[in-house]
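Subject: Structure handover

Hello,

Here is the structure I said I would pass on. Please open it and keep it beside you while you read the notes below.

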Amino acid sequence: MTRNAAEALALLRLARTEGIGPIAFQKLLARHGSGAAALAAVPGLPARGGTPYRPAPEAAVAREMAAVAEMGGRFLFLGDEDYPPLLALLPDAPPALAVVGDPALLLAPQVALVGARNSSGLGRRMAEELAEALAAAGITVTSGLARGIDGAAHRGALRAGATIAVIPGGLDVPYPPEHLELQGLIAERGAVVAEAPLGTAPIARHFPRRNRIIAGLSLGVVVVEAAYRSGTLMTARLALEAGREVFAVPGSPLDPRCAGSNDLLRQGAHLVERAEDVLENLPEAPRAAPLFRPARAPAHPAAPGPDPAALPAEMAQVLDLIGAAPVVVDELLRRCHLSPAAVQAILLDLELEGRIEALPGNRVVRSGLR
């Protein structure tokens, strides 16, 4: 699908509207049929926490589009024929991606290679050699441009082929600063991808969003050195949830930087000592991903939920069926006796009001109760 300039501007304004996340973006498009129509409907959406929704300012978003174009980049929108198909499979696929470099690389078979920032010299050497061999075999190597393993992976891939860097901030905010030159080289010979608007400085909450893109673009994720409770292990977990293969390079049991990656091997990740270990186990398409994740116990007593009596009857009926444990939308349809279209409309309104959260696997859960 080719977007005209007006529709592309409307889609980016919708994606940049505060409170409209990736899942709500998709639901609004499905309900209204186009970015322009969905954007026009935003002011009429139920207020969230008493604050009405306001579309992102047209002038500011137009300036962002012009600035990206001046950098030699462009935007890819979910639903476009050149949007990466594997990434589009994610329930929370980014509505818009800013890309500098060759956007066609996002359609190529990719392997993510990620690992520790405070990596060892041997770990960085392993990452470089693996990335170079994978790139020589025609695989695009994707990583996060971080210090340590990520940077080594990009450098190794550039020696033999192409690489993609997914960054946590805006395209105009290189991070880490010492990778400014590397980011420029990747933009010339590969592609640099950002979900965040221009001018966005990378902060902690941006990294999980970046990691889901790295996992979503790739057929498999290779972990080289990862400590417990690290962002690298989060990328591996996101890959598993998306049905992608997970690989790990074994490390010394005496090195805490390898504790997480060694644990992945204990849990069944493919052991990697050379590029062939990846290539021989790389699928042509994602596997079916598990849909169930145990509900998390609340860290603090849950706040009282909204009063269903204050809601319209049908909305209250649906909300009453949603609790602290995730429930599949098909189960709601069986139990509430409303049409699928009516239930989807009610769920969208409840999500926009902040009463429920949408989860992967077409599931929903009551907000504030997990």
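I start with Arg229: at 86% relative accessibility, Arg229 counts as exposed (exposed means over 50% relative accessible area, buried under 20%, and partly exposed in between, with a 1.4 Å probe and protein chains only). Arg229 is in the loop between β7 and α10, and its phi is positive, about 55°, although Arg229 is not a glycine.

A word on the source. This is a predicted model, in which local features need pLDDT of at least 70 and side-chain atom pairs count only at pLDDT 80 or more, while totals for chains, interfaces and linings use all residues. Residues are numbered from 1 along each chain as its sequence is written, and side-chain values use heavy atoms, with hydrogens and water left out.

Glu225 lies between β7 (220-224) and α10 (231-241) and has a positive phi of about 65° without being a glycine. Is Glu225 buried or exposed? Glu225 is buried, because its relative accessible area is 7%.

Now the whole chain. The protein has 15 helices and twelve strands; helices (H or I, at least four residues) and strands (E, at least two) are DSSP runs, numbered from the N terminus. A compact globule of 370 residues would have a radius of gyration near 21 Å, and the protein agrees, with 21 Å. That radius is taken over C-alpha atoms, and the globule rule is 2.2 Å times the number of residues to the power 0.38. The C-alpha trace spans about 60 × 45 × 35 Å along its principal axes. Of the 370 residues, 51% count as buried. Among contacts (heavy atoms within 4.5 Å) with a separation of 6 or more, 72% are between residues 24 or more positions apart.

Next, the aromatic rings. Rings of Phe, Tyr and Trp (its six-membered ring) pair if their centres lie within 6.5 Å; planes under 30 degrees apart count as stacked, over 60 as edge-to-face and the rest as tilted. By this rule there are two aromatic pairs. Phe75 and Phe77 are stacked, at 6.2 Å centre to centre and 20° between the planes, and both are buried. The rings of Tyr175 and Phe207 have centres 5.9 Å apart and planes at 70°, so this pair is edge-to-face. Tyr175 lies in the loop between β5 (163-167) and α8 (180-189) and Phe207 in helix α9 (residues 206-217), so the pair ties together parts that are 32 residues apart in sequence. Tyr175 counts as partly exposed, at 27% relative accessibility, whereas Phe207 is buried at 15%.

Tyr175 also takes part in a cis peptide bond with Pro176, where omega is about -5°. Pro176 is in the loop between β5 and α8.

Val193 sits in strand β6 (residues 191-194). Which residues does Val193 touch, not counting those up to four places away in sequence? They include Leu97, Val99, Leu106, Ile164, Val166 and Leu171. Val193 is buried, with a relative accessible area of 0%.

Last, helix α2 (residues 22-32). Its buried residues include Pro22, Ile23, Phe25, Lys27 and Leu29. After α2 comes Gly33, which has a positive phi near 90°.

Regards
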